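Dear colleague,

I am passing on the structure we discussed, placed directly below. Please look through it before reading my notes.

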Amino acid sequence: MFRLFQVDPETGALHVNVGAIRRHAHSDALLAALDAFRSNNLYELWRTLFRLPESDERAHVVAFVSQLFHEMRHVVDLLLTPYGFHRIRMGFEFYEALPQFLATDERKIFPFSSWMDPGMRELLGGDGTEKSLSYSVAHMSQNRRSLIEADNRRFKHETGTMMAFGGDAILEALAFGWQIEWLQHPAFATDEMRTLMPYAFPDGRSGSEARDELTQFDMTYRWHYRLMGTLSQEQTPAAATLMYTILFAALCGSLARDAKPLDLSWDEEGPKRVSRVGARDVSDRLPAMRFRDLLGWFGNYIERGGRIPEKPLDSWELVNEASSLLWQRTIMAEIGEDIVADERLLAAWRPLSSEEVLPLRPCAAFADLVELRKALFTALSTDPEKILRPLALAKLIDELPAIPLCFVYPEGTGDGLPGTERLIEKLVALPPGLKPQSAAEPRGKSKEPGADTVLAMEMLYSSWQLKGASAAESGIKGREAWPTLLGHFSPTYKLALYGHRYRSMLELDLMRARESLNYGQSDVRWDEYFLDVEDLSASWEYFHFYGLETAECDVCSQVTDANGSIIASSATMRSSEAFIENRRQHGEHAIFFLEKDWSIWLVCSDCRRRYL
Amino acid sequence: VSGITPYLRALSSYPADLPEEYDHALETFLRLVSPRLLQSAELRTAADWRGIVDLWEPLFADALLDPSHPEWADKTWHRCRVRLILMHLLVAHVQSRFGYGATASEGRNEVRWSLIYLERLVDDRPFMPGPAGPALDRETAEISDDNLNTTLGMGAQWFDVYGVDSIAWMSGIAETEVRAIRDKLLTRL
């Protein structure tokens with residue numbers, strides 16, 4: 001899948017595909033915008049773009065920054081809402097258990113869903129492992145995942161498209177709404193913007209108002225538009241504000257308020273048995289259920305003659321009132337209880353190691369995220385408009401220091417952005433005659449390498465930083481824990497739950513996590529189905545981003561367009577034997593780059609039929 | 001690199017790997033201006049003239065500190081900000097000369113800079129009438145033009161009080177040139 005940004009719901013980190021950005025015709029301006037964001041100037045960036053004269057370059061930067069806004073809204077919702085933070089907490093519960101999980105010399109089956117399935121367990125020789133500690137950890141993670149999957153269940157619409165009303169769908173609706181609120185401002189709604197991002201404008205060529213037909217795009221990002229009819233016949237700004245407040249409130253059922261932390265402590269005889277979370281009824285805390293109930297309540301409210309509030313603050317009060325009547329808790333009370341649960345979890349984790357080791361453990365990074373969450377909660381309780389109004393939220397984001405950013409260079413060449421630390425680096429020997437390429441060298445100046453010698457080229461894949469502030473400035477405690485967390489723990493978690501079927505721009509990390517599991521464990525078994533990668537998607541986002549009508553197929557170099565091509569992930573291409581054979585025929589250099597380059601492939605229809 | 005990159009880079013605290021043709025001068029100028037504007041307005045309110053002069057000193061000789069610079073031709077918002085800086089500086093130079101009795105050498109420089117800035121302001125064309133684009137709203141443009149007229153009026157008083165010959169002597173600029181500036185100013189007023 002072609003992505004510029006991706007939020008990792010299990011760490012709260014924002015992944016940035018710097019490799020793709022660097023290939024853009026306006027890459028200098030895009031990277032400058034990214035740097036302004038890293039410098040805590042998101043708000044000023046918007047103000048500056050607002051005032052610059054219209055141009056094709058500005059339109060590309062505005063579209064790019066709007067995507068950044070989209071993802072940052074995800075980060076805020078993940079951190080602040082109980083559903084979002086539950087996703088993060090799920091990850092950290094696993095990360096904390098991972099060292100002990102790996103330390104036990106027991107048979108382990110991946111992914112966990114296959115281990116939990118009685119049939120697959122027997123097939124993979126896992127019978128009898130149910131009482132092991134590693135099984136308990138896997139069971140806990142799989143249970144958490146099942147809950148999220150139940151909430152995000154997809155339904156088939158009569159148009160043939162799939163839709164969902166769960167937490168993830170709500171997160172997308174909130175982020176998309178926030179993103180287009182920027183784009184629809186008169187200063188940005190220029191002809192260039194309408195061409196670049198037609199779906200952001202109601203009268204654009206993909207606008208749902210202009211057509212009866214619904215696409216998958218509508219079902220993913222704009223499914224809530226038609227539900228606004230429950231509140232008002234017209235899609236007025238007030239109805240939209242109320243809908244977004246309802247969506248936000250749907251994410252605020254505290255899943256953790258009466259949960260108990262896992263006991264993974266050791267005694268003289270080895271690890272204690274894991275005490276599992278008891279059966280709890282969480283149906284009224286899942287976003288899909290809460291959204292349904294809230295929408296029902298507001299449908300009755302309007303029928304009773306209730307008026308839609310004009311101001312965001314009044315909408316906020318009204319939705320809090322509805323929440324109190326439905327579940328005996330306001331939104332603020334739900335988030336407050338959720339944060340108390342986080343404190344309980346931290347209090348249970350902290351004593352498990354010495355003070356020296358503590359800063360290296362995932363719980364140190366978790367503590368930073370909880371602090372970040374508290375800052376957002378304080379902002380929401382003192383002035384809800386800081387969260388509810390887009391410009392105010394942009395200012396608030398600039399004030400939040402500890403958000404982890406992960407920069408990915410899928411092409412594998414070049415240095416990181418200034419101020420970032422490397423997660424993974426490797427020295428490799430180049431085949432004879434190949435020149436090293438480094439983005440650190442000033443463009444336009446070719447630097448001759450020492451010919452005829454085998455050169456070492458630094459292959460950088462990803463680097464990271466905490467947005468906008470050094471540890472000393474912001475009091476961050478988990479700085480030392482983040483690199484391992486982002487580069488090893490998080491990919492291992494994704495691999496353990498989804499195999500290679502997790503769509504990520506960090507495919508190399510998943511591969512390395514698998515190597516690490518295979519070599520570090522004596523008895524690991526894999527369900528082969530989940531090792532097969534099939535990440536194929538439409539290519540229109542690629543053509544939109546680069547402002548292209550046509551482009552060359554990355555395999556055969558034939559010219560193709562958005563209708564005649566797809567995007568295939570690097571691991572997907574690598575899993576095709578026919579394609580590997582094709583690369584071999586192109587010689588040593590083609591194989592070298594295939595090994596090192598983890599960027600996506602634009603594949604024309606002919607090559608797709610031939611190789612995928 | 002032309003276009004909008006310098007404006008965006010001015011918001012960043014990270015060094016960047018940029019091509020040779022990149023306009024570092026513009027980025028440097030914008031980086032110096034942005035954090036100072038609010039401070040300058042506060043100093044103006046507090047009548048801290050010496051503070052204003054010290055604040056903007058790094059930009060004294062910058063060619064971009066001129067509303068008629070080609071860089072600002074299609075950027076009304078930036079032109080408005082440059083004009084504001086010049087107005088603050090002109091008032092501050094003149095007032096500090098009157099109020100704080102600068103030394104002879106400093107005073108000579110003060111007068112010289114005052115003349116240079118005054119001429120740049122005289123040459124600056126008004127925003128109104130004219131369409132205020134999305135970058136600059138009508139109200140801001142009108143206020144800026146009003147302020148410019150007031151500042152130019154103060155410049156005329158300055159010539160009245162000191163006379164062309166004294167100003168020429170203090171600034172070290174030829175009397176004919178000083179007279180030309182005054183005539184241009186009076187014509188504009």
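Predicted model: local features only at pLDDT ≥ 70, side-chain atom pairs only at ≥ 80, totals over all residues.

Residues are numbered from 1 along each chain as written, chains are lettered from A in the order written, and side-chain values use heavy atoms, without hydrogens and water.

At the interface, 31 residues of chain A are in contact with 24 residues of chain B (heavy atoms within 4.5 Å). Together the chains bury about 2,200 Å², 62% of it on carbon and sulfur atoms (accessible area lost on being put together, 1.4 Å probe, summed over both). One salt bridge is found across this interface (a side-chain nitrogen of Lys or Arg within 4 Å of a carboxyl oxygen of Asp or Glu), and Asp35(A) and Arg9(B) meet in a salt bridge at 2.8 Å, N to O. On the side of chain A that touches chain B, two or more residues come from each of α2 (27–38), α3 (42–51) and α4 (56–80) of chain A (helices being DSSP runs of H or I, at least four residues, numbered from the N terminus), and α2(A) gives the largest share, seven residues.

In chain B, the 25 residues of helix α6 (residues 138–162) should span 36 Å at 1.5 Å a residue, which agrees with the 37 Å between its end C-alpha atoms (the expected span being 1.5 Å times one less than the number of residues). Asp137(B) caps the N-terminal end of α6(B), with a side-chain oxygen 3.2 Å from the backbone nitrogen of Glu139(B), and the helix is followed by Gly163(B), whose phi is positive, near 85°.

Best regards

Methods:
Polar contact = N/O pair within 3.5 Å; in protein donor to acceptor, adjacent residues only side chain to side chain. Buried area = accessible area lost by both parts, 1.4 Å probe.
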